[in-house]
Structure formats: C-alpha cells, structure tokens
Amino acid sequence: MQRAVSMVSRLGLRLQALPLALGRPLSCTQDVLRRTPLYDFHLAHGGKMVAFAGWSLPVQYRDSHVDSHLHTRQHCSLFDVSHMLQTKIFGSDRVKMMESLVVGDIAELKPNQDKVRELQNIGGDVGLEVMDNALLALQGPTAAQVLQAGVADDLRKLPFMTSAVMEVFGVSGCRVTRCGYTGEDGVEISVPAAEAVRLATALLENPEVKLAGLAARDSLRLEAGLCLYGNDIDEHTTPVEGSLSWTLGKRRRAAMDFPGASVIVPQLKSKVQQRRVGLMCEGAPVRAHSPILSTEGTVIGAVTSGCPSPCLKKNVAMGYVPYEHSRPGTPLLVEVRRKQQVAVVSKMPFVPTNYYTLK
C-alpha cells in the first residue's frame with residue numbers, strides 16, 4: 001500500500017480540464033479530438049459526446065445530469081477520466097524534481113518533461129514515463145462495496161489518499177487509489193488501456209453503478225468545494241488566496257524552498273488582498289465571470305464557478321473577493337444578466353464530504 005503520489009488528486013485539483021461551459025457538441029472537427037479507450041463504449045451506452053480540453057468526452061448519458069448527480073451521492077457512478085495525464089517519475093532525484101514544482105512535502109510520501117530535462121542537464125538522476133493507461137473513477141457511498149466484490153485486497157485498509165496495485169475483476173496491474181473529485185468515498189483505477197472496456201463492463205454489471213459524465217462531475221465537485229484548474233485557480237493564484245494553505249508542507253514552510261515561497265509564506269501571516277470563497281445565491285443560477293458586488297453596488301470580485309446544487313436545491317458558486325469581505329455570513333450581491341441578486345459568503349464544502357479515513 002502506498003501514499004498516493006498523484007499531486008493532482010492530493011491538492012484537490014484537476015489539471016487537464018476546462019470549464020464545463022466550454023464543452024461543445026461535436027461537429028465536423030470531431031476527428032481532430034483525442035479519444036479515450038472508452039470512446040466506442042460511451043457511444044454504445046448513449047453518451048452525449050462533447051469537445052472538452054481537446055478530447056471527445058461524454059457530458060451525460062441517457063439519464064439527466066441531475067439524476068446522475070443524485071445517483072452518485074446516494075449510490076455510485078462510474079466516470080471516464082482517462083484524459084488525465086498519468087506519469088511515472090523515477091530516479092534518485094525524483095523527490096527533488098517534484099518538490100521543485102509543488103508546495104507539498106513529497107519527501108514524506110511513502111514509496112510505492114521540461115523540468116525533467118532541466119534536472120538531467122545538470123546531472124540529476126530523474127526520468128519521466130507517460131503511461132498508456134485509462135483512468136476510471138468509481139465514486140459514491142457504495143463504491144467500496146461494489147469494488148470489494150472484484151478484488152482480493154481488503155479495502156477497509158485502504159484509506160483516503162492511499163493506493164495499491166491489485167487485480168480488479170480479473171484485470172491485473174491496476175492501481176487503485178482512494179480518492180476522487182466528488183466529495184464522496186470512492187476510487188480512481190488506473191487500468192491498462194486495452195482492458196478499460198472490460199473493467200468498465202464488469203463494474204456496470206452491479207445495479208448500484210451507473211455511468212456519469214462531465215456535467216455531473218462538475219456539479220459534484222462544486223458542491224464539494226473542489227477547485228477546477230483554469231477556472232478557480234491558475235498559475236497566478238497562491239495557495240493562500242485559493243484557500244488551499246493546507247497543501248503547504250510544514251517542513252517546506254520552514255525551509256521556504258518551494259516555488260513562490262518568498263510571496264506565499266508571508267501571506268500565511270498577513271491578510272491577502274483577495275481570497276476564494278463560497279457563495280450561496282438567490283435568483284437565477286450564477287456562472288463563471290459574473291461580477292461580485294458589495295452591498296453598496298461596487299464591483300469587488302468575480303465568480304469563478306457556479307451552478308444550481310441538485311442536493312441543496314440552491315444556487316452555489318465560488319469566486320474571489322477582498323479579504324475584508326471573505327468572512328462566512330457576509331452579505332454580497334452578484335450580477336446575472338445585468339440584474340443584481342442577493343448572495344452570502346458560505347463555508348465550503350457546501351455538501352459535507354464523505355472521504356474514507358481509518359478510525
């Protein structure tokens with residue numbers, strides 16, 4: 001069993017992703033889009049394919065977006081997230097390389113290209129291998145029960161953010177990581193590309209499992225208060241501004257040896273100019289780029305993600321506001337179609353998370 005090395009999952013982010021609003025129906029340009037190993041599988045199961053971050057992916061299936069969302073919260077759903085890049089970093093300088101890129105404490109993790117080339121050029125022992133694997137996410141309160149029927153390992157010993165290599169429903173060489181992007185208990189299964197359809201088919205034989213697409217994935221992660229890279233955070237956002245200070249390793253804070261440390265560490269002890277907050281909003285659904293205003297009507301920020309919450313039956317959003325407006329309970333306004341609507345700063349996650357941890 002190994003501590004999960006996927007920093008994307010560790011930080012609650014997803015890198016090869018763009019706002020759901022950018023997803024568009026396929027057209028004559030569909031041949032230039034990349035396809036996951038499950039492309040034909042999606043079509044056979046009624047997947048509505050859209051262009052998403054250069055890939056052809058299902059936005060939903062025969063069930064509605066809301067039905068898929070609620071099924072994930074109550075049972076479990078299967079998502080194809082094979083567009084996510086999977087790599088192996090190897091060599092004696094692998095920790096050094098990773099810590100030159102992120103703020104987390106990689107050295108504490110238990111064992112299991114440009115930056116790579118830069119370290120190699122100065123004599124560093126590090127290599128990168130892109131894996132030809134598909135990635136399936138099984139998410140929801142019954143996910144572990146479903147998966148346990150197909151593995152010999154005791155999943156009760158696999159807590160949140162740990163992983164292990166195991167055979168899954170007869171498919172060998174799968175890496176199962178207890179993580180996800182929905183706020184629910186679940187796993188992400190890295191599976192050899194040639195076996196992806198076989199594994200997906202086996203999982204769907206359980207009536208607890210239904211397929212879900214990008215639409216449900218987006219609303220689920222927003223209810224859970226999880227960031228979408230390129231929307232809610234980007235290369236200009238610090239962890240403190242993004243309300244992600246928990247990603248900063250204690251050792252690395254003291255050493256100040258990570259990218260941007262001279263800016264980020266002082267922010268931990270002071271009031272940043274802006275901060276990511278959750279918003280509960282009245283009226284029409286709030287979408288990305290909607291202005292956030294003070295109660296006096298002055299524009300003070302912008303929404304980065306927003307949608308109606310199927311679980312809460314309220315409109316939820318996240319965005320950036322000045323520090324003095326970031327306290328939960330602060331009344332604000334949002335502008336939707338040139339009309340001002342009442343909003344209030346809310347704690348995140350909007351819906352309680354259910355990650356599996358050892359008691």
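Author: Start with a definition: two strands pair if DSSP finds at least two bridges between them. Keep in mind that this is a predicted model.

Reader: OK. How many bridges do β4 and strand β5 have, and in which sense do they pair?

Author: Five bridges, in the antiparallel sense. Strand β4 covers residues 48-52 and strand β5 covers residues 55-60. Across the pair, Met49 stands opposite Pro58 in β5.

Reader: What is in the hairpin between the strands?

Author: Two residues lie between β4 and β5, and Ala53 in this hairpin takes a positive phi near 55°. Most residues other than glycine have a negative phi.

Reader: Is β4 largely enclosed or open?

Author: Largely enclosed by the rest of the structure, because four of its five residues are buried. Buried here means under 20% relative accessible area.

Reader: Which other residues have a positive phi?

Author: Lys313 is one, with phi near 55°, and Arg338 is another, with phi near 65°. Neither is a glycine.

Reader: Where are they found?

Author: Lys313 is in the loop between β16 and β17, while Arg338 is in the loop between β18 and β19.

Reader: Buried or exposed?

Author: Lys313 is exposed, with a relative accessible area of 71%. Arg338 is exposed too, at 78%.

Reader: Changing topic: which residues of helix α3 are buried?

Author: Ser68, His69, His71, Thr72 and Arg73. The helix covers residues 65-74.

Reader: What do they pack against?

Author: The buried residues of α3 pack against β6, β9, β13 and α8.

Reader: Last one. Which residues does a cis peptide bond join?

Author: Met348 and Pro349, with omega about 5°. Pro349 lies in the segment after β19. Most peptide bonds are trans.

Note on methods
Residues numbered from 1 in each chain as written. Predicted model: local features only at pLDDT ≥ 70, side-chain atom pairs only at ≥ 80, totals over all residues. Heavy atoms only, no water. Buried < 20%, exposed > 50% of the residue type's maximum accessible area, 1.4 Å probe, protein only. Contact = heavy atoms within 4.5 Å.
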